[in-house]
Amino acid sequence: MAITDTIADMLTRIRNANRARHKDVEIPASNFKLEIAKILKEEGYIKEYELIKNNKQGVIKVQLKYEPSKKGIVSTIKRVSKPGLRIYVKKDKIAKVLNGLGISILSTSKGILTDKKAREMGVGGELICTVY
């Protein structure tokens, strides 16, 4: 069966691996998913990610990050805009997640950005997901 929402699949794989306390998780690769993984690394939600090339589309191997008490750093990762219902936000309507403790990831005309960078650059776009 084909997956219709590959971004939701990526977020679900990370969420499930985090709850099962896996060291890493493998996700089918795409440029969009690589950008999301890059943002998650920059913001400190994952340890590392790498693109493993194969004869098909490749695989992104994401190393998850945990607190010393073995609790996952990512407590919630939620898809907001879905293929059936796209959610767009204007530059002055980008809300903070948990008063700045979490992040939103947006797809903008300037690329894939966090809510903070989108506010700084003065661009709105499609609200992909929230992480905290």
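Okay, ground rules. The model is predicted, so to speak of local features we ask for pLDDT of at least 70 and side-chain atom pairs count only at pLDDT 80 or more, while totals for chains, interfaces and linings use all residues. Residues are numbered from 1 along each chain as its sequence is written, and side-chain values use heavy atoms, with hydrogens and water left out.

Helices and strands here are DSSP runs numbered from the N terminus (H or I, at least four residues, for helices; E, at least two, for strands).

Let's start with helix α2, residues 31-42. In α2 the buried residues are Lys-33, Leu-34, Ile-36, Ala-37, Ile-39 and Leu-40. Just past that helix, Gly-44 has a positive phi of about 85°.

Now its partner. Helix α1, residues 6-19, packs on α2 at about 40°, with the axes 10 Å apart. That makes the pair oblique. For the record, axes are lines fitted to C-alpha atoms, for helices over the stretch in contact, and angles run from 0 to 180 degrees between N-to-C directions. Under 35 degrees is roughly parallel, over 145 roughly antiparallel, 65 to 115 roughly perpendicular, and the rest oblique.

Who meets whom? With contact meaning heavy atoms within 4.5 Å, α1 brings Thr-6, Ile-7, Met-10 and Ile-14, and α2 brings Phe-32, Lys-33, Ile-36, Ala-37 and Leu-40.

On to the strands. Thr-114 sits in β7, residues 111-114, and at 3% relative accessibility it counts as buried. Leaving out residues up to four places away in sequence, Thr-114 touches Ile-39, Glu-43, Ile-103, Ser-104 and Leu-106. Ile-39, remember, is one of the buried residues of α2.

Thr-130, in β8 (residues 125-131), is buried too, at 10%. Beyond its neighbours within four places, Thr-130 contacts Thr-76, Ile-77, Lys-78, Val-80, Val-97, Ile-103 and Ser-104.

Last one: is Leu-101 buried or exposed? At 69% relative accessibility, Leu-101 counts as exposed. You'll find Leu-101 in the loop between β5 (88-89) and β6 (103-108). Its C-alpha is 27 Å from that of Pro-83, 18 residues away along the chain.

Methods
Buried means under 20% relative accessible area, exposed over 50%, partly exposed in between (1.4 Å probe, protein chains only).
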